[in-house]
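Please work through each task before reading its solution.

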Amino acid sequence: MQTVFILATRGPGLTEFTAEVARWVAGSGVGAGLLTLFVRHTSCSLLIQENADPSARADLETFLGRLIPPADDPAAGWITHRSEGPDDMPAHLKAALLPVSLSTPVADGRLRLGSWQGIYLWEHRARPQRREVAAHLG
Amino acid sequence: MQTVFILATRGPGLTEFTAEVARWVAGSGVGAGLLTLFVRHTSCSLLIQENADPSARADLETFLGRLIPPADDPAAGWITHRSEGPDDMPAHLKAALLPVSLSTPVADGRLRLGSWQGIYLWEHRARPQRREVAAHLG
Amino acid sequence: MQTVFILATRGPGLTEFTAEVARWVAGSGVGAGLLTLFVRHTSCSLLIQENADPSARADLETFLGRLIPPADDPAAGWITHRSEGPDDMPAHLKAALLPVSLSTPVADGRLRLGSWQGIYLWEHRARPQRREVAAHLG
């Protein structure tokens, strides 16, 4: 069973869609199986992380921006691919480092996430985007 | 077919559980399929890596600790989420960067790992923890 | 359904094999399912990334080499595992950070990749290697 989740992002950072995924899994009629998510883009990522604390989410963004600064930052002077703006190549680098696909077992029609785990799309581009996450449950 | 592996970690570093996984796969009666592991936590990771040399494992730990220092290290002054101790936010950052799920084909009832590959849980918290890794074989 | 893709790499960098994977999927007779790739080595990685621009690929290589320099670089003086040459331990570190497995939904006998996504093996060793990527489609 497959679907595509459409997510509207609001610039850099995390958009949670745990509830959308859980609802689709519950409605699928599949009791036990494996859920796989796959992001159909090269400038955003999937993430399963702590869903409780906004300060933890802010620190994730700060960490990634320090590791991979925008191309107009002096620390990123080595970047050569610059034709699509200062956030473009850093977004590809972030997407290379973070997951494009994730899989979670499903039991009794429910995701087997840990208590504190939420499912996020991590937007790496500076502007809002429309993102597609393909899902397979089997 | 599903199970949960319970692992006791001893603070930061790698705990191998290749043998436990191989034994469960062999006993499952599944000849050919796909094994997926999923860690139900936001402060440890899965890793498939070289299982031969302790110095390589030590270097993995050193690398990750230099990339993401504890929150009480001057290099990590930008961390704002500090309520649960200096190892907490760095553990989330490490868990964001490293795999939460891994999949390996199974053939003839055996994992198709390469000769040097072992399956590890990578603990990022300072203290020993009880960790759950959910497994799906289908 | 399973196979192994054999890839000859030419030293550090990306080798695309999207077409080989797509051809195998198309010929499998499987209409809808999930494709999983698994690299059977500890010194190279899988990557799904932009398949259009060579400068983006060059920047990926530069980024990773700056993050994890060769063991004979003064910035990597902390590396202790040095018996197999200056590219060996950095290759393990890169392989730990980047995906060992990837999964993509298949629909109508085709990979559900986004328009700009290609499938690559990322070689981390200095010399050309023969690499095996196990595939499962189910």
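Buried area is the accessible area, taken with a 1.4 Å probe, that two parts lose on being put together, summed over both. The model is a predicted one.

**Exercise 1.** Determine how much area is buried between chain B and chain A, and which residues of chain B lose the most of it.

*Solution.* Begin with the total: about 2400 Å² is buried between chain B and chain A, and carbon and sulfur atoms give 62% of that area.

**Exercise 2.** Describe the contact between chain B and chain A in terms of residues, polar pairs and secondary structure.

*Solution.* The contact brings 26 residues of chain B together with 29 residues of chain A. Across this interface there are 16 residue pairs in polar contact, both residues being at pLDDT 80 or more, while the count of salt bridges is zero. On the side of chain B that touches chain A, at least two residues each come from β1 (2-8), β3 (33-39), α3 (88-97), β5 (101-107) and β8 (130-137). The largest share of that side, six residues, is supplied by α3(B). Sorted by class, the side of chain B holds 15 nonpolar residues, ten polar residues and one charged residue.

**Exercise 3.** Which elements and residues does chain C bring to its contact with chain A?

*Solution.* Here 29 residues from chain C meet 26 residues from chain A, and the area buried between these two chains is about 2400 Å². Within chain C, the residues C:D59, C:F63 and C:R112 lose the most area to chain A, together 26% of what that side buries. At least two residues each are supplied by β3 (33-39), β4 (44-50), α2 (54-67) and β5 (101-107) of chain C, and α2(C) gives the most, with eight residues. By class, the side of chain C that touches chain A divides into 16 nonpolar, eight polar and five charged residues.

**Exercise 4.** Identify the relation between chain B and chain A, and decide whether the copies use like or different surfaces.

*Solution.* Chain B is superposed on chain A by a rotation of 120 degrees with 0.0 Å of shift along its axis, at an RMSD of 0.0 Å. That is the relation of a three-fold axis. The copies use different surfaces, since 12% of the contact residues of chain B recur in chain A.

Notes: Residues are numbered from 1 along each chain as its sequence is written. Chains are lettered from A and ligands numbered from 1 in the order in which they are written. This is a predicted model: local features need pLDDT of at least 70, side-chain atom pairs count only at pLDDT 80 or more; totals for chains, interfaces and linings use all residues. Side-chain values use heavy atoms; hydrogens and water are left out. Copies are superposed by least squares on the C-alpha atoms of residues with pLDDT of at least 70 in both. Contact means heavy atoms within 4.5 Å. A salt bridge is a side-chain nitrogen of Lys or Arg within 4 Å of a carboxyl oxygen of Asp or Glu. A polar contact is a pair of N or O atoms within 3.5 Å; within protein, one must be able to donate a hydrogen and the other to accept it, and residues adjacent in sequence count only if both atoms are side-chain atoms. Helices (H or I, at least four residues) and strands (E, at least two) are DSSP runs, numbered from the N terminus. Ala, Val, Leu, Ile, Met, Phe, Trp, Tyr, Cys and Pro count as nonpolar, Asp, Glu, Lys and Arg as charged, and the others, Gly among them, as polar.
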